[in-house]
Amino acid sequence: MLYFTLFSTILHRLKSPQNVGAIIRSHVAFGGGPVVFVGDEPWRFRKSSQAFSRRLERLAELIFVPDDDQLLDWCEQHGFSPVAIEIDQDAISLKDFRFPRQSALVVGNEGTGLPEPFLRRCAGIVTIPQYGSAECLNVGVSASIAMYELVRTMPRANAIEGAKFCVAGRS
Ligand SMILES: C[S@@+](CC[C@H](N)C(=O)[O-])C[C@H]1O[C@@H](n2cnc3c(N)ncnc32)[C@H](O)[C@@H]1O
């Protein structure tokens, strides 16, 4: 099956329920398609994640794959180009990067990041420029910035603006 969506989000062996929840919330807010979890076990949405996701995972298709080979197979079969969001010497700065059509935005584990061999298999590696002395950004913040920039540079006709107080059923 091929998808017709702007992007998918790939969570590569994330551990923190708060980070997973926050990424799901941004993913749905920015209009993403499927969310893929790479890891030994399917991610279980407990209250600790849902406090951050606002249970928006109900609106996303969730896919679970055990390893990098199966992730890259999934991307190929479904028409996604894997783009690693990572700090790396070969990375392109986010401000200069042109996201491919149907990017799969891959973010890495909180402790170890994305593995080096995996980075080399991606269609692109993108670094979010930092200007202060922090070593790196929080992974949920990184994912959200990348999603925002992807959507900003591929404007959609039906983008929703100022929806903060638009609640279904209320005028
Ligand atoms: C907290 S970092 C992991 C850092 C890890 N300690 C290391 O040195 O590899 C977790 C994830 O956040 C993302 N990340 C953090 N800062 C980033 C930046 N400036 N640009 C792109 N991705 C970033 C990457 O996806 C990374 O794998």
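Me: How do the residues of the shell around the ligand divide into nonpolar, polar and charged?

Reply: Good place to start: this is a predicted model, where local features need pLDDT of at least 70, side-chain atom pairs count only at pLDDT 80 or more, and totals for chains, interfaces and linings use all residues. Numbering runs from 1 along each chain as its sequence is written, and side-chain values use heavy atoms, leaving out hydrogens and water. Ala, Val, Leu, Ile, Met, Phe, Trp, Tyr, Cys and Pro count as nonpolar, Asp, Glu, Lys and Arg as charged, and the others, Gly among them, as polar. The shell residues divide into 9 nonpolar, 8 polar and 2 charged.

Me: How far is an oxygen atom of the ligand from a polar backbone atom of threonine 112?

Reply: Polar contacts here are pairs of N or O atoms within 3.5 Å. Glycine 111 has a backbone N or O atom 3.0 Å from a ligand nitrogen, and a polar backbone atom of leucine 137 is also 3.0 Å from a nitrogen of the ligand. For threonine 112 and the ligand oxygen, the distance is 3.4 Å.

Me: What percentage of the ligand's accessible area does the protein cover?

Reply: Accessible areas come from the Shrake-Rupley method with a 1.4 Å probe. On its own, the ligand has 590 Å².

Note on methods. Polar contact = N/O pair within 3.5 Å; in protein donor to acceptor, adjacent residues only side chain to side chain.
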